[in-house]
Amino acid sequence: TYFHLPSLDKGDQRNVNATATRRTLSGGPPTKYPTMTTLGDYGEIFMGNPKNLKRAGYDDKGGNIAYDPEFECTGGSSNPNDKQCPFETKESDVMGLATTGWDGRLLHLNMPSFRDPLCPRTLKYLFTKAKRPNDIRVRVLQQNMGDDVDCLETYCDMMAQLREETGGGDTSKGGPAGEDCPHRDQIFVHAINAKDAAGPTYARGLIGQDMHAAYVKNEISPQDFCMSTDSHMDFEPQWDEKMVNMWDQTKNEYAVLSTYVASIEQLGVNLNGVHEVPHLCMVTFTSQVRTTATKCARNLAKPKLTNAVWGAGLSFSKCHAELKVPVDPHTPGIFDGEEFNRAARFFTYGYDVYTPNRVYVLHDYHGSQHNPKTTSWGNGKFGQEDIQNSYYRLNTMLDIPGGELDEQKALLLKRSRYGLGDRRTLDQLIEFSGVDLRHKRATIDGKNRCGNLQWVPFIEHPKGVNFIPTFDDTTEEPLDLPYDKSSVWYDPHIDGAGAGMISREIIEEEEDPKAKELQHAEVKAAHAAFEEEAKQLAGNSHHADEHKRLAAALEEEGAESERGHKEVVSSAAAAALKAEETGKEGVVVFPPLLRGSPQSALTKGKLFLSQKKHGIEHLPIQVKIAVILMIFGLCAAVITSGSGRRRRKKSSKKR
């Protein structure tokens, strides 16, 4: 979880021309905050350090540039033939419904909760502040133990108390008098023991499986709306309809609204008088690709296209996006890396991430981050080896050094259920996002991609936007073969002949053997180096130190690239360290074809226990050293004892 505190720096002060009133949580006198003007008719984007603007070819405007929505279609070209815009919702997409609004649609809200006492309050707020509470369905992945607060039952108690206070009525008043628990039948709780938790990706992955099961039973339509968020949130009045209307503003059937949402302190506040919103567009490399801090945007006329950077705190889209790109549950212990992995999968499936231009969903950062229970998920059933395997899996997916060297196995993963899409390529992602995945660098050219961006065209799937690909339940390999000609996976040698007639092997082009050998040696050396780094990150304090250094750098006063925002160290480091301290049962996290495990060890998004994780190789490094020294000592004693007996026997014979 990340914490952002927008503030005014010297560059912002140049734009001050009025004051705005902001209320306080304590209910005391309001605080006066400056109100700023913005550049352009459609809002402005904060680019950060003026050097970033210069590198990107912009004039310095105090670190800001004007937002140009038309650039998303034209790329700045005045030639009408160059104009290519995202796919607007068509009559053929909506299955008989209207192309805008959400009449006839449901809104499905997904919410993992780890021992969170704020979960019931979140349910209360989302229903009582919704315009259409009867059309909302909530799925909670509750990870509790002992006397932890039960999300659903406590929500019902809260609604009963609200009815008592108001006399009852509609949902905003706790429901009609005499009603047991309003909307109880719209809340689905998937409960597991907190001891079985394996991190945020595992929790979201289980919700994804529940959603797929509901889709199979026709309880979810691809044309419904889906939203993922956390279990400690608050909402603006009529947030549900406002989110739908904001999504409609993108004019893109493949749009995903996502950001790190503002703090609940900003509930009902027009921040700085210019509707300032967090804007995700930058990453750094820790153990994985990690979204770092935020920029901001002001007075945006519509949601802004981002460089594919996605945040788990808020994701809002049509449900075909959630059904096509479910969270990968085969990555226990992962915090850093979750978001960009899914961002890459969204992008390659044809989806586009947008920064919301208004704040309707807010996060209780203080209440969630200061509760030691809610950050203790690192004590779940995963250990060092599992974290290393998670790094390996994520690295393989995105061509980051440290992944699978065998191209065939890497392709199996990329084409699997939790792999990449087939509408855009990984090369297109690297160019569009600006993130140099193959060399673990935050940018490919020293420029950030926070400003105006041009949409990346692709060919829609011939079966339409509502088509949800199918995969084998055992191997997780695709079943919709052969690939059509519009697929980036299409191979005329295989798919042109028909599915199953020719083995899907990599057909390599002729290449200079010496150059190929040199390239292979370089790649192998890079992978070896990052494998060692992964072991260090998963097995000792290096992970924690890395996060501390990053947080210190971001919080350092006058840090030009991220000024005006602060950040709290994530719980990933603590999770990795806690996982090291206790020996745990093994967990198989890869499909059999990718890990070489027996066919009986199937992975369907759940964690399957292995009986193989017993032995010195699975002990913490300190214990390993102690055991090895003890074994050497015993061996030396045995050898010394044996040689002594032989000397005594020889001496006896001489006498």
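Which strands does helix 7 (residues 239–249) lie across, and at about what angle does helix 7 run to strand 16? In this predicted model, helix 7 lies across strand 5 (107–114), strand 6 (136–144), strand 8, strand 10 (255–258) and strand 16, and the helix runs at about 65° to strand 16.

## Overall make-up

The protein has 655 residues, of which 54% are buried, and its secondary structure comes to 18 helices and 20 strands. When contacts between residues at least 6 apart in sequence are considered, 76% of them join residues that are at least 24 apart.

The accessible surface of the protein comes to about 29,100 Å², and carbon and sulfur atoms account for 52% of that surface.

Eight strands form an open sheet with mixed pairing, and their order is 7-6-5-8-16-10-17-15. The edges of this sheet are strand 7 (187–193) and strand 15 (304–305), each of which pairs on one side only.

Within the sheet, strand 8 (residues 225–229) and strand 16 (residues 314–318) run antiparallel and are joined by five bridges; T229 has L314 in strand 16 as its bridge partner. Strand 10 and strand 17, by contrast, run parallel and are joined by three bridges, with A255 having D352 in strand 17 as its bridge partner. Strand 17 also pairs with strand 15, here in the antiparallel sense and over two bridges, and L305 stands opposite Y354 of strand 17.

## Nonpolar cores

The largest nonpolar core has 78 residues, and W239 and L437 are those with the most contacts inside it. Apart from this core lies another, of 19 residues, which includes L141, Y202, I220 and C319.

For L437, residues up to four places away in sequence can be set aside, and what remains is a list of residues that L437 touches: F285, V289, F340, L398, D399, I400, P401, L426, L429 and I430.

## Two buried residues in one loop

The loop between helix 13 (426–433) and helix 14 (513–539) contains N466, and S487 also lies in the loop between helix 13 and helix 14. Is N466 buried or exposed, given its relative accessible area? N466 has a relative accessible area of 16%, and therefore counts as buried, because buried means under 20% relative accessible area. With its neighbours within four places in sequence left aside, N466 is in contact with D93, M95, P222, Q223 and H320.

S487 has a relative accessibility of 6%, so this residue counts as buried as well. Its contacts, again leaving aside neighbours within four places in sequence, are with D422 and R423. With D422 there is a polar contact from side chain to side chain, at 2.9 Å. S487 can also be placed relative to P462, from which it is 25 residues apart in sequence and 9.7 Å apart in space, taken from C-alpha to C-alpha.

Key:
Residues numbered from 1 in each chain as written. Predicted model: local features only at pLDDT ≥ 70, side-chain atom pairs only at ≥ 80, totals over all residues. Heavy atoms only, no water. Core = buried A, V, L, I, M, F, W, Y, C linked by side-chain atoms within 4.5 Å. Buried < 20%, exposed > 50% of the residue type's maximum accessible area, 1.4 Å probe, protein only. Contact = heavy atoms within 4.5 Å. Helix = DSSP H or I, 4+ residues; strand = E, 2+ residues; numbered from the N terminus. Pairing = 2+ DSSP bridges. Axes fitted to C-alpha atoms, helices over the stretch in contact; angles between N-to-C directions. Areas by Shrake-Rupley, 256 points an atom, 1.4 Å probe, with all protein chains shown as cover. Polar contact = N/O pair within 3.5 Å; in protein donor to acceptor, adjacent residues only side chain to side chain.
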